Amino acid sequence: MTTIAGKEKMLTPEIEAFIEKWKGKPGNLIMVLHRVQEEFGYVPRDAAFEVAEALGIPVAKIYGVITFYHFFKLSKPGRNQIAVCMGTACYLNGGQDLIDECERILGVGLNTVTEDGEFSIEAVRCIGCCGLAPVLTLNGEVFGKVNTKQMRRIIQQFEGK
Amino acid sequence: MAKKTREELRNLREVKKTGIAQRNSSGESIRIIVGTGTCGIAAGAMNTLDAFQDELESHGINGEITQTGCMGLCFSEPTVEVAVPGMPNTIYGNVDGKAAHRIVKEHIINKVAVGDYAFEKPAADIITDETDDTTKKQKRIVLRNCGVINPESIDEYIARDGYAALEKVIFEMTADEVIEELSNAGLRGRGGAGFPTSLKWKFTKNVESDQKFIVCNADEGDPGAYMDRSTCEGDPHSVLEAMTIAGKTVGANQGYIYIRAEYPLAIDRLNNAIDQAREYGLLGKKILGSDFSFDIELRLGAGAFVCGEETALLASIEGKRGMPIPRPPFPAVKGLWGKPTVINNVETWANIPMIIHKGSAWFSSIGTETTKGTKVFALTGKINNSGLIEVPMGTTLREIIYDIGGGIKGGKKFKAAQTGGPSGGVITEEFLDIPIDYESLQSIGSMMGSGGMIVMDEDDCMVDVTKFYLEFSVDESCGKCAPCRIGGRTCYNILDKISKGQGSLEDLDQLKVLAQAMRKASLCGLGQTAPNPIMSTINYFEEEYLAHINNKKCPAGKCKDLLSYTIVEDLCVGCTACARVCPVNCISGEVKEVHAIDQSQCIKCGQCFDKCKFDAILKG
């Protein structure tokens, strides 16, 4: 399977079927991009081109949408994704300290991936667990009432897994 | 399960009601109800569920374990309600595997409540119903089913008079009567602005159009608010029923729920509820055998706060960048794909079935002169009992913080409560006794907002908090209009300077001027309200700004650039505890000798301060 550029196709048959299902519905682009990111963890450039072709809309429009919304990523995140909540309750209860500690342990800054590709850290908007502040998620698993001392142990749980 | 007619729905409701009544009155069955909202699951509710399963099995006890939505007791998750014959229903908090073991052994087998985990009051006084008992501070209308029913069961919703309002609207009421009823009830939009809901519906109903739409705003972007998530997770059918009622009233056949992609559980529960409603013929073609057809689909948001603004939200549903456009025309007349559209937020929707079912007179008897009904708040921050609460409008902040919230954490001093998130302001101690409604909060420079209520204590710096909100608004500005895009950034830069002790009095003046300009000239609500935290904190806490500017000090000790840790030589015994805990190894000194902190290396994490047992480290 090749595209016009002669490259291997990026979109899986499942995603193509999804696009087919949504093609006739107005306002489908964001739903399609969600599906693409669910598969790859981000929206790869080649995938964006293929979506453009499948939906018959300009690539510029797709990038306009991807870059507008925080949820969509343009680069590959770490194999393990740490997301520290920076909603107000978490911020007041020490969310920034958790980010600082994460950066210190992993030796990388926010929105970057460690050299071995194992971890990436990001600060995220309120995930709605304010009663458990400060909160972070690791690969979607929520950890509540976290303090900086627990950080290393939490990260170690996921290391090499 | 086939599509139901009106008669069949009524019969089902009676059967289910009788079933539940019998179960409760005979008191023969043992029931364990575990709260499995996002908060509960985060705290380990799924493990708790498994633990109960194992415990019951190992003791050979025949009991029913079910799940429910958020009970609102977030500070004590996982929470569990236990019903055993001959004992009052009891709610337990912080239930882990060990607690589950004890509850089964002591409560269920020996019939003695486990005091270490139990709430003092019986369950009926905590998960209060819509009973009209005024001695209770809370009153649950929106959250009436959250923490009570299994959100994945349409039958349980129906048993609690679910879809009775829809029946009434389809078979007994005209569109004008429905709008009249909402108008008499005095329901105002719970998304923050407080626009009368009946008016929105009326505008849309009165426009001639081949197609109209109903939209639910579940893009809860305000950091610190999660009532919409909890409602969708705990009682999804209430939203579906209300949207269908609106469809019938204004003449729309299609509804969309625009929900944050960050709320996977709420999305699942809504999708599940939509499937069930379709099966029962409560969504889809010819609802309950009538001529009316209506369906609902979900559309996922993608993390843009500005999409809380109606026109931006509609652009996002259309698959575009979520940029607002000037109003009028209002969406009620020209909305989604240019068609008339009713947009309400989750909390507003959840009120509607109850208003139709119990009548506007009942609803309007609750609340204040200008604001009827209840408000759900996400009470968080430096408060003992953080959680989701629902109080009648007109309740005072003092009742919320001290009677319901149990006061400030660690016995510290209350400083302010923040409502309205990045668009709101602070409420100080002097206003603790103001009855809360839209007008009173606005008059003191805050706003109702969507319901985040964040309590701050003496350790919270107002400059720092304001900077936090501005950073949020700057990041979320869509960039379309200059006042918001440039003004917000400039305000943030000034706040940053002040928090670092580099600000001047001229900066403070400029901040005030810019805030006014943004408020007047921005295109949409985001830019117009973004300066609210600035105006409000300068108004009530100007001395704190001045301390940062004139004395280069942060009175709350929060702004790290104005903070230093030093060792008091007379008190230091050279125990080395501080040096050992320091993450950057910047504390030096031999055992039993006075230590010293290398200020150039110190990252001001405060761990040495917390560790020292001799008060030998000075923060200031």
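Biologist: What makes β9(B) and β10(B) paired strands?

Modeller: In this predicted model, six bridges join β9(B) to β10(B). Pairing requires at least two bridges, so the two strands count as paired; they run antiparallel. One of the bridges links B:Phe377 to B:Ile389 in β10(B).

Biologist: Why are β10 and β12 of chain B said to stand at the edges?

Modeller: The open sheet has the order β10-β9-β13-β11-β12 in chain B, with mixed pairing. β10 (387–392) and β12 (425–428) each have a single partner strand, so one side of each lacks a neighbour in the sheet. Direction ignored, neighbouring strands of this sheet are turned by 30 degrees against each other on average.

Biologist: What makes residues of chain B part of the side that touches chain A?

Modeller: Two residues are in contact if their C-beta atoms, placed from the backbone, lie within 7 Å. By that criterion, 41 residues of chain B are in contact with 32 residues of chain A. Elements of chain B giving two or more residues to this side include β9 (374–381) and β13 (452–457). The residues on this side of chain B divide into 20 nonpolar, twelve polar and nine charged.

Biologist: How do you know what percentage of chain A is buried?

Modeller: A residue is buried if 20 or more other C-beta atoms lie within 10 Å of its own. Of the 161 residues of chain A, 38% count as buried. The secondary structure of chain A comes to seven helices and four strands.

Methods:
Residues are numbered from 1 along each chain as its sequence is written. Chains are lettered from A and ligands numbered from 1 in the order in which they are written. This is a predicted model: local features need pLDDT of at least 70, side-chain atom pairs count only at pLDDT 80 or more; totals for chains, interfaces and linings use all residues. Ala, Val, Leu, Ile, Met, Phe, Trp, Tyr, Cys and Pro count as nonpolar, Asp, Glu, Lys and Arg as charged, and the others, Gly among them, as polar. Axes are lines fitted to C-alpha atoms, for helices over the stretch in contact, and angles run from 0 to 180 degrees between N-to-C directions. A residue is buried if 20 or more other C-beta atoms lie within 10 Å of its own, exposed if 12 or fewer, and partly exposed in between; C-beta atoms are placed from the backbone.
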